[in-house]
Amino acid sequence: MSAAMPDKITMGAGGALAVSDNPILPFIEGDGTGVDIWPAAKLVMDAAAKKHGKTIEWREVLAGQKAFDNTGSWLPDETVETFKEYLIGIKGPLTTPIGGGIRSLNVALRQLLDLYVCLRPVKWYEGVPSPVKHPEKVDMVIFRENTEDIYAGLEFEEGSAEALRLLDMLAEFGGKWAEIRRDSGLGLKPISITGSKRLIRAAIVYAIEHDRPSVTMVHKGNIQKFTEGAFTKWGYELVREEFSDQAVGWDDCGGKPGDKVLVKDNIADITLQQVLTRPEDFDVIATTNLNGDYLSDALAAQVGGIGIAPGANINYVTGHGIFEATHGTAPKYAGQDKVNPGSVLLSGVMMFRHLGWAAAADDIERAMSATIADKIVTYDFARQMEGATEVKCSEFASAIVDRL
């Protein structure tokens, strides 16, 4: 019998993804160590999919150094259009171009596709070296707003005509606005009702669907009252407007939500302490862009580091999503078959779950945990583990496949 023809993922009725057993998935190999970690992750994903009667039609698109070398563009229009057309894809790490033009290819992709959620699950896998005593207590999912805040890139360089003109305009408000130093660079921090509510909505829906007891909105509203403070205010409004039968704000229940999801808030700096000292108090976190950047990387360190931290950028309304390695390109290790493929592989696990392939995702997680428990690991873990067998990137992937 001939194999089914590969086809596109589409948005089905009610906003759910319609995924066949033979979907087309675009991928970006990635710069630097992408040449090593992508084939390793692909090997495992293909094997897990095959075990469950599924086949992925991988379609390569270009971005980063490889794109620039081949097309003269760091981010070709064709790449963006392919992700738009096929909805879901995955990528390795990308070089940030030096000089003018695109500040960050990752940020550019997020903004061009309006991928407003940066989703970062953080949990510990048994056997993974950790600097904390109880990494098993860390089990959080971070929803980081992806399109606003200081990452909007709305800045004027110190001394530029635009900066001086803006300073003159601000001075018209008098008081502290007129006292901004003339030798300042200026940046704008937009936080909107639209951006805040859609991010917090996604976090609450996730908590409800995954039986998570709480959503914590993390902010600096004690200082930035009309941006980060408003983010929190709008979040509580949303709970009352749209989720009153399934979730409740802290002040509306005195911290006793009954069988509803508890929505609360916490100041960003104290949160960075408390995720270390009492991580069990946090489940789903909804936060602004910069806070989310700090939190997700700080938490990754508690469970084994950025090398195995997965991530995704998702628009739950349009259905678009790009799953990605969260670490850098590490060019000095490129082509050495040395580095840990865990970040892009676990991003693939996230992607499988997003597609509804939970059994295949579970198999990969279980097999990877078993491989690490057997102390068959890449160099980054081997140097922190007694009695470990250090293996190459590709050998680590093969060991995981053996345990599928």
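A residue is called buried when its relative accessible area is under 20%, exposed when over 50%, and partly exposed in between (1.4 Å probe, protein chains only). The model on screen is predicted, so local features need pLDDT of at least 70, side-chain atom pairs count only at pLDDT 80 or more, and totals for chains, interfaces and linings use all residues. Residues are numbered from 1 along each chain as its sequence is written, and side-chain values use heavy atoms, without hydrogens and water.

Select Asp 363 in helix H12. Helices are DSSP runs of H or I with at least four residues, and strands are E runs with at least two, numbered from the N terminus. Asp 363 counts as buried because its relative accessibility is 10%.

Next, select helix H1 (residues 34-51) and helix H11 (residues 342-354), whose axes come within 9 Å and cross at roughly 35°. Axes are lines fitted to C-alpha atoms over the stretch in contact, with angles from 0 to 180 degrees between N-to-C directions.

Finally, select helix H14 (residues 393-402), where Cys 393, Phe 396, Ala 397, Ala 399 and Ile 400 are buried. They line one face of the helix, because they fall within an arc of 160° seen down its axis (taken from the directions from the axis to the C-beta atoms). Their cover includes H1, H11, H12 and strand E16.

How values were computed:
Contact means heavy atoms within 4.5 Å.
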